[in-house]
Amino acid sequence: MQTRFSFGGDEHIFAEVDESMSLEAFFKSLFVTNAVRDAKIKGVTEICPANASYQIKFDPDQIKPDDMLAELKRLDSSTEKSEPVIKTRIIEIPVLYNDPWTHETLMRFRERHQDPDGTDLEYAARINNLDSVDAFVKAHSSAPWFVSMVGFVAGLPFLYQMVERKRQLQAPKYLRPRTDTPRLTVGHGGCFSCIYSVRGAGGYQMFGITPMPIYDPNQKISYLRDFMCLFRPGDIVKWKPIDRAAYDAAVEDVDAGRFVPVIRDVSFSLTEFNNDIDAYNRKLEGVLHAH
Amino acid sequence: MPIKVLKPGLATTVQDLGRPGYYHIGIPLSGGMDRHALAAANLLVGNEEGAAVLEAVFMGPELEFTDDALVAVTGAELPPKLDGAPRETWTGFKVKRGQKLSFDFLKQGARAYIAIAGGIDVPVVLGSRSTYALGALGGFKGRKIEAGDELPIGTSAAPVKEGRSIAKELRGMPAGKPTELRAMPGLYWHRLTETAGSGFFSDTWKVAPEADRIGYRFKGGKPLEFVPREPPFGAGSDPSNITDACYPYGSIQVPGGTEPIVLHRDAVSGGGYFMVGTVIAADMDLIGQLQPNTPVKFVKVGMEQALAARHDRAGLLARLRSSLA
């Protein structure tokens, strides 16, 4: 992987680690942006890791664009020697798959979909060669996912499935984007899943909904009091399929201020993960439910 | 004493100079789309340049003052009226307690900045009073103002006289037809064929109706052709798709190769569309003053020209400051 650099006008440097998505490219993006943060370069105002790229915003009145680029290239090449290990968190996200709210919405925008006669879940199951919606839900929720980018809108996580490429679920975006998506919809586009942090436009397939808020600009929800966005790039997510009764109970707990998300600190080694993916994922899940 | 909103206008929001530092989690800068006009309005009423003001787009609000105040309206030519009597734009004027400020029809530009001495005193969220409506964050309750709202006003730190005004040549509004927006090619420019690349800069585009604080869409140019490729894993099958990445402010994405979108202060922070380049920082204020249907040409520049233009724009604000000193 040879990072490609480009100026984005006079205030940004855009760096493409790789054209294709991979955990290797994502780790590099995470490591370089961490190094940029630690370097405390004068004039840097935004440091944004993304899936397989990253972006720095700077003030050219404080650092010359060519000096900024030289510094970034130096940090980019020096991270190549880093051991791909991160200290991060694993977070359990309860999901009511096939819920009534995304169902109502997907029916409303059916003419914008590839398969107007089915649902998003039925379509995704079929194009991924799975024989039922249940099999698709199982494939979606059995392995954990990496938060490989946070953005588009406030606090929205892009999630990358932690399985071999041939097992990764893929689905195109809607033919034309919807003008509405329920808040906290679990969506999927390309190889990425996401959670819509706010209600709004969207083009990803809709699979379900979580009762667990991930963005709270008023910072009233207990676990979002310290910061209004839950996710950070590098977090690991494990979906937990729940039924309607559990969903309703969780919503009630959130409203009453007694919902406690399951979040555990964990160390992740990309090398060990690649050696035996399924065993490593079982170990991660063990961390989640260890008492 | 607060200001009462009688009519809100079309999409009037509280804005200051913005909220840097949170783009990596999808919270954009926000802040006035025309920062030069925003700073000018504040200076006319004795505020700091970055105090919170109202940004009104296309149509002004109707406001009732519950206390005496000094007010200035800059940016778009949206003529203010005090109890029905006309007042000048780009000039500080006094408002008496109980008087109503309303606006005539828009004559030129798109966004007017309404500064009130003391500034609009909504809570500071993540370092700024700016409204980010998509995230229901900052400003007045995280949204555009509505009839019945009461906007809190701060205390004026350094009262100034009424009647000071900004000379026309210091206003920095778009001039010339078509409006020229200077842009640096880059990012995913290499995805375009040579013909498409030169067509992008030689075509005349028009501002589309979908033009807001998130981004400005343009139409009317030739569709762009792509260099053929095997889609990279994660990018998606359309030739305009990329593996979802960050979007620079001012970046020009062209979904499907048809209608360019220039991201502005409430930008979506990333996504899966390729970008052909970036409008330079010095020309971003101009975009905020473009009405739908305005003809626009993108002018190709390099870094040296971008920095020279940046220097010129800073010089304009410096001259504006000293004209009031």
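**Figure 1. W205(B) in its strand.** In this predicted model, W205(B) sits in strand β13 (residues 205-211) of chain B; helices (H or I, at least four residues) and strands (E, at least two) are DSSP runs, numbered from the N terminus. Is W205(B) buried or exposed? W205(B) counts as buried, because it has 21 C-beta neighbours inside 10 Å. For that label, buried takes 20 or more other C-beta atoms within 10 Å of the residue's own, exposed takes 12 or fewer, and partly exposed is in between, with C-beta atoms placed from the backbone. Leaving aside residues up to four places away in sequence, W205(B) touches F218(B), K219(B), G220(B), G221(B), P260(B) and V296(B). Contact here is a matter of C-beta atoms, placed from the backbone, lying within 7 Å. S251(B) is 46 residues from W205(B) along the chain, and their C-alpha atoms are separated by 16 Å.

A word on conventions: residues are numbered from 1 along each chain as its sequence is written, while chains are lettered from A and ligands numbered from 1 in the order in which they are written. As this is a predicted model, local features need pLDDT of at least 70 and side-chain atom pairs count only at pLDDT 80 or more, whereas totals for chains, interfaces and linings use all residues.

**Figure 2. Helices α1(B) and α4(B) side by side.** Helix α1 (residues 35-44) of chain B packs with α4(B) at an angle of about 10°, their axes being 11 Å apart. The axes are lines fitted to C-alpha atoms, for helices over the stretch in contact, and angles run from 0 to 180 degrees between N-to-C directions. That angle makes α1(B) roughly parallel to α4(B); the naming goes under 35 degrees for roughly parallel, over 145 for roughly antiparallel, 65 to 115 for roughly perpendicular, and oblique for the rest. From α1(B) come H36(B), A39(B), A40(B) and L43(B), and they meet L316(B), L317(B), L320(B), R321(B) and L324(B) of α4(B). Sorted by class, this contact has 7 nonpolar, 1 polar and 1 charged residues. The classes put Ala, Val, Leu, Ile, Met, Phe, Trp, Tyr, Cys and Pro under nonpolar, Asp, Glu, Lys and Arg under charged, and the others, Gly among them, under polar.

**Figure 3. Where chain B touches chain A.** Here 41 residues of chain B are in contact with 43 residues of chain A. Which elements give two or more residues to the chain B side? They are β15 (241-246), β18 (270-273), β19 (275-279) and α4 (303-324) of chain B. This side of chain B has 22 nonpolar, 17 polar and 2 charged residues.

**Figure 4. The crossing of α4(A) and α5(A).** Over in chain A, helix α4 (residues 120-127) and helix α5 (residues 133-142) have axes that come within 9 Å and cross at roughly 80°. The two are therefore roughly perpendicular to each other. L121(A), E122(A), A124(A) and A125(A) of α4(A) meet V133(A), A135(A) and F136(A) of α5(A). The class tally for this contact is 6 nonpolar, no polar and 1 charged residues.

**Figure 5. The two domains of chain A.** Chain A is divided into domain 1 (4-82) and domain 2 (87-288), with bounds from an automatic or database domain assignment. Their C-alpha centres lie 28 Å apart. The contact takes 8 residues from domain 1 of chain A and 9 residues from domain 2 of chain A. On the domain 1 side, helix α1 (residues 23-39) of chain A gives the most, with 4 residues. That side divides into 7 nonpolar, 1 polar and no charged residues.

Figure 6. K40(A) has a positive phi of about 45° although it is not a glycine, and K40(A) lies in the loop between α1 and β3 (44-49) of chain A. With 7 other C-beta atoms within 10 Å, K40(A) is exposed. F152(A), found in the loop between β6 (145-150) and β7 (157-161) of chain A, also isn't a glycine, yet its phi is positive, near 80°. F152(A) counts as buried, with 24 C-beta neighbours inside 10 Å. In chain B, the peptide bond from K177(B) to P178(B) is cis, with omega near -5°; P178(B) is in the loop between β11 (150-151) and β12 (179-185) of chain B.

Definitions and conventions: Contact = placed C-beta atoms within 7 Å.
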